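Please open the structure in your viewer and keep the selection tool at hand. We will go from stop to stop, and at each one you will be told what to select and what is there.

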Amino acid sequence: MLTAPSELLIRNQHLFQDKQLLLLNHEADRCAEQLASGCRSVTALALDFNHHQQLRGIPANVTAEFGHQLQDVNAKFDTVVIYYPKAKPLLQYLLTLAAFHLRPEGELIVVGENKGGIRSFNKLQSSFFSQPLKLDNARHCLLFSAICHAQPKSLDINAFVSRYTLTLGDSQVTICNMVGVFSEKQLDQGTELLLQHLTPLSGRVLDFGCGAGVIAVALLQHQPELALECVDINAMALLSCTLTLAANGMNAKVYPSDGLAQTNGQFNAIISNPPFHDGLMSTTDIATRFVQDSRQQLARNGVWQIVANRHLPYGDAIENAFGNVNVVAENNRYKVYQNKI
């Protein structure tokens, strides 16, 4: 099943006939495969690992990649499609990436749902692109086109990183946030409450939904001996976490995982400020599955600790998985749950 933006692309498939096409930030469907029937080639770059996994068993003229940029940094395309991002600060990065990979006078196509903010795209002012033109309006989505008149000489990641200093205990750490990553310029209150009530850990520890790496550096600052693994589904978050660890001279294994599916073996602790959004929808499905899977991958005497908005119904999932619900801290917005086996 195609998402609504992908349906609008298929409706305008003639735009891509015989083109070398790049899809950026594509959604959780196989639109790339359908578009490939009329294209010379399709390259699909997913920023969400789950979306990347949808393109298994793709035809020979489709290349599927996951990450914040293409493996071939010199690749050029006739047309680039951007799926309008939920996180608005990410748009400028995607536009720069598109301009970098477009041939001169190549075409940019931007598609997105009306409720996602794309209505304002026709007001875009860009040094790389012409003024956008609306091409189509259907499925509660809009489709815009613009022509690439200039390309950036390089793709400078540092231009899209914000850095701030965070005091943890008696020392300071540097947090690096790529655009579009949660809590971009300051420590969010939920993570702050979690850090205030962390218990000493040992052995192999998983930071689930690592984001910019705040929890990771907090753990390693106090216990550098931990064998820490950091997973996230979002490419920009994984890059942020990697940059944060490097900025503080710390080391951890950082890799993509859809839930816990790409992790292996048992952990002595699993720590998280878990995500609860999928696209434009707020959902606890991701976190509920995470609770269930966590119980299976905790070693004997393992520690499981998360922070969550207090209005989210985690209690039943936690009780079903662990047999009880243990709240170690809370305020008017958040609860910190901690269970041991």
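**A guided tour**

Begin by selecting Arg310, which is partly exposed, with a relative accessible area of 34% (buried means under 20% relative accessible area, exposed over 50%, and partly exposed in between, with a 1.4 Å probe and protein chains only). Before going on, note that this is a predicted model, in which local features need pLDDT of at least 70 and side-chain atom pairs count only at pLDDT 80 or more, while totals for chains, interfaces and linings use all residues. Residues are numbered from 1 along each chain as its sequence is written, and side-chain values use heavy atoms, with hydrogens and water left out.

**Salt bridges**

A search of the whole structure finds nine salt bridges. Another of them joins Glu33 and Arg30, whose closest N and O atoms are 2.6 Å apart, and if you select Arg40, Asp78 and Arg103 together, you will see residues linked in a network of salt bridges.

Next, select Arg139 and Glu7, which form a salt bridge with the closest N and O atoms 3.1 Å apart. Why does this pair tie together parts that are 132 residues apart in sequence? Arg139 lies in the loop between strand 6 and strand 7, whereas Glu7 lies in helix 1, so the pair bridges that separation. While Arg139 is still selected, look at its backbone, because Arg139 has a positive phi of about 55° although it is not a glycine, and it counts as partly exposed at 40% relative accessibility.

Move on to the open sheet of seven strands, which has the order 3-2-1-4-5-7-6 with mixed pairing (two strands pair if DSSP finds at least two bridges between them). Strand 3 (62-66) and strand 6 (133-138) stand at the edges with a single partner strand each, so one side of each is left without a neighbour in the sheet. Strand 6 and strand 7 pair in the antiparallel sense over five bridges, and Asn137 has Leu142, in strand 7, as its bridge partner.

Within strand 2, select Thr43, which is buried, with a relative accessible area of 11%. Leaving aside neighbours within four places in sequence, Thr43 is in contact with Leu21, Leu22, Leu23, Thr63, Leu70 and Phe77 (contact means heavy atoms within 4.5 Å).

**The cores**

In soluble globular proteins, nonpolar side chains tend to be buried together. Here the largest nonpolar core has 75 residues, and those with the most contacts inside it include Leu24, Tyr93 and Met178 (a nonpolar core is a set of buried Ala, Val, Leu, Ile, Met, Phe, Trp, Tyr and Cys residues joined through side-chain atoms within 4.5 Å). Helix 4 gives the most to this core, with eight residues. A second, separate core of 23 residues includes Leu2, Ala36, Ala138 and Cys141.

Definitions and conventions: Helix = DSSP H or I, 4+ residues; strand = E, 2+ residues; numbered from the N terminus. Salt bridge = Lys/Arg side-chain N within 4 Å of Asp/Glu carboxyl O.
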